[in-house]
Amino acid sequence: MPRDRLAAIAGIYEFPRRIAGGLSALQIKALSAARALEDAGLGWQDVDALYDAGETGAGLTLTQYLGLHPRILDTTGVGGASFEFHAGHAARALAAGRARVALLTYGSTARSDARAIGTGGGRAPTAPATGMEVPFGLTLVGSYALVARRHMHQYGTRPEQLAEIAVTTRAHAMRNPEAVQGLHDIGIREVREITIDDVISARLIADPLRLYDCCIISDGGGAVVIVAPELARDLRQPPVWIVGAAEAVGYTENDNDITTTAARDCGPRAFAEAGVRPDEIDVAMIYDSFTITVLTILEDLGFCAKGEGGPFVEGGRLRFDRGRPALNTDGGGLSSNHPGMRGIFLLIEATRQLRGQSCSQVPGARLAIAHGNGGQLGTRHAAGTVVLAAGGT
Amino acid sequence: MSDEQRPLPPLTDPDTRAFWKATRAGRLIYQVCQRCGRLVFHPRLHCPYCGGLELETKESAGAGTVYSYTVIRQHGHPFFGARLPYVVALIDVDEGFRMLSEVVAPPEAVRVGQRVRLDWEDLGQVKIPVFRALD
């Protein structure tokens with residue numbers, strides 16, 4: 001049973017389209033904020049804490065654009081994990097009485113801008129460590145592939161086992177009408193469930209990762225409204241409580257094991273704060289930039305022993321109808337949407353599950369985690385774990 | 001045509017410019033912290049392990065082992081796009097530091113644990129440290 005209720009997710013909204021159709025990222029953020037506040041039953045000027053990952057410029061840009069006057073402005077930007085960091089920071093600020101209504105927003109037109117996130121030339125380096133890597137042409141996919149190759153070497157993990165994750169998330173996506181429409185809209189030729197054979201026979205992008213081991217690239221966005229405990233009971237939706245949160249960072253050192261992610265650091269702290277064990281979690285929303293991301297994080301969060309992620313995921317075990325935990329029931333970044341930083345969708349789908357509103361609803365779901373991963377797993381990454389509990393828990 | 005050359009590292013970065021300058025003489029340098037004794041790579045002003053500010057520069061003999069690797073098969077940059085497929089690897093250099101580099105070898109000839117030795121690709125302003133497969 002979870003211990004402390006730090007704050008509650010009271011409002012959510014996911015921008016439904018994967019092609020923004022002329023809307024800007026800022027407009028997606030504003031639209032999503034309006035809808036999420038409506039979902040919560042709160043007004044625009046009730047927001048007194050604003051969290052922004054900076055994808056539309058520095059935090060000042062968003063504050064003025066939205067027209068808010070927050071007493072807390074937090075611009076933590078650590079890639080896809082930013083929103084789990086934000087949720088944790090907001091929960092503590094609200095629990096401490098420093099604010100009452102926190103707003104997280106995200107907006108991206110990565111697809112419409114034709115940004116090749118995983119295999120592009122990348123931006124000019126701004127840090128000494130990235131500068132050292134420039135001459136060698138490591139792609140973002142390649143960084144995760146370094147982890148996958150090492151995991152295979154160290155633990156005997158097989159491509160078929162990684163493929164299980166892509167197969168499961170696609171099956172979930174096919175149950176999500178917005179994901180299905182999105183797959184059509186971004187030009188996926190055959191929108192259908194996929195098999196392990198499909199995954200392991202697709203073209204290699206960066207060995208050992210193949211096409212379906214990689215997330216799609218879409219537009220998208222969303223918003224999450226988090227409120228102080230005293231507000232949570234009287235709002236439009238049943239509250240989803242934040243009962244634990246922790247964050248960590250990992251990067252290449254002289255002798256570190258790159259198959260172990262920063263989730264090994266922040267996961268146990270988040271579970272301990274929540275007073276729950278991994279085997280009690282009904283829904284695991286884990287950042288699926290790539291199949292290997294999920295496999296390593298499942299291990300590092302303690303769902304199985306280190307190195308046993310391969311056997312653990314076999315047999316479709318992570319499907320929503322197979323028992324605990326169900327993985328990425330919205331279809332994930334692999335098959336629903338990935339506009340560059342999808343951490344906010346982990347919070348949104350976890351909330352849907354704990355409200356009983358998912359397309360792939362886990363019956364009686366009471367506990368969920370959202371675990372974000374940002375950056376590049378093989379070189380430097382940020383990890384944030386948020387433990388969530390259903391209203392009556 | 002500059003797009004078709006291997007991208008250069010930033011050569012004026014205050015932390016790493018000495019590293020790239022040393023490559024012109026065919027030297028692969030790293031640092032050892034004089035306070036805690038740990039190896040520091042990439043080179044920088046401070047020791048990331050203890051905050052020490054006295055670091056001694058040393059030169060690697062250039063032998064190492066492949067810690068992990070990937071074969072890049074899709075890249076948006078013209079130089080790398082023309083070079084596909086190629087091997088990028090994390091190399092555990094024998095002195096005790098890990099660096100990203102290219103292993104110049106057919107992809108099927110590379111494996112984790114493989115012994116490699118340093119080689120240089122001369123770009124004029126700078127030499128790029130790459131590795132060649134032994135055995």
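Biologist: How do the residues of the lining of the second largest pocket divide into nonpolar, polar and charged?

Modeller: The lining has 15 nonpolar, four polar and five charged residues. Here Ala, Val, Leu, Ile, Met, Phe, Trp, Tyr, Cys and Pro count as nonpolar, Asp, Glu, Lys and Arg as charged, and the others, Gly among them, as polar. Bear in mind that this is a predicted model, where local features need pLDDT of at least 70 and side-chain atom pairs count only at pLDDT 80 or more, while totals for chains, interfaces and linings use all residues. Residues are numbered from 1 along each chain as its sequence is written, chains are lettered from A in the order in which they are written, and side-chain values use heavy atoms, with hydrogens and water left out.

Biologist: What volume does the second largest pocket have, and which residues are closest to its centre?

Modeller: Its volume is about 480 Å³. Of the 24 lining residues, A:A129, A:T252, B:F41, B:H42 and B:R44 are the closest to the centre.

Biologist: Which elements supply at least two residues of that lining?

Modeller: From chain A, α4 (128–133) does, and from chain B, α1, β2 and β6 do. Helices (H or I, at least four residues) and strands (E, at least two) are DSSP runs, numbered from the N terminus.

Biologist: Switching to the interface, how many residues are in contact?

Modeller: 43 residues of chain B touch 35 of chain A, with contact meaning heavy atoms within 4.5 Å. Between them the chains bury about 3,100 Å², 60% of it on carbon and sulfur atoms; that is the accessible area (1.4 Å probe) lost on putting the two parts together, summed over both.

Biologist: Which side chains meet in a salt bridge?

Modeller: A:D207 and B:R73 do, at 2.5 Å, N to O. The count between the chains is one salt bridge, defined as a side-chain nitrogen of Lys or Arg within 4 Å of a carboxyl oxygen of Asp or Glu.

Biologist: And which element gives the most to chain B's side?

Modeller: β4(B), with six residues. That side of chain B divides into 25 nonpolar, ten polar and eight charged residues.

Biologist: Backbone next: where are the cis peptide bonds?

Modeller: One joins A:R324 and A:P325, with omega about -15°, and A:P325 lies in the loop between α12 (309–313) and β10 (326–327) of chain A. Another runs from B:L84 to B:P85, with omega near -15°; B:P85 is in the loop between α2 (78–83) and β5 of chain B.

Biologist: What is phi of A:N328?

Modeller: Near 40°, a positive value in a residue other than glycine. A:N328 sits in the loop between β10 and α13 (332–335) of chain A.

Methods: On a 1 Å grid over the protein atoms alone, a cavity is a set of points where a 1.4 Å probe fits but cannot get out, and a pocket is an open set with protein on both sides within 12 Å along at least five of seven lines; lining residues have an atom within 4 Å of a point. Grid points are joined across faces, edges and corners, and a volume is the space filled by probe spheres set on the points.
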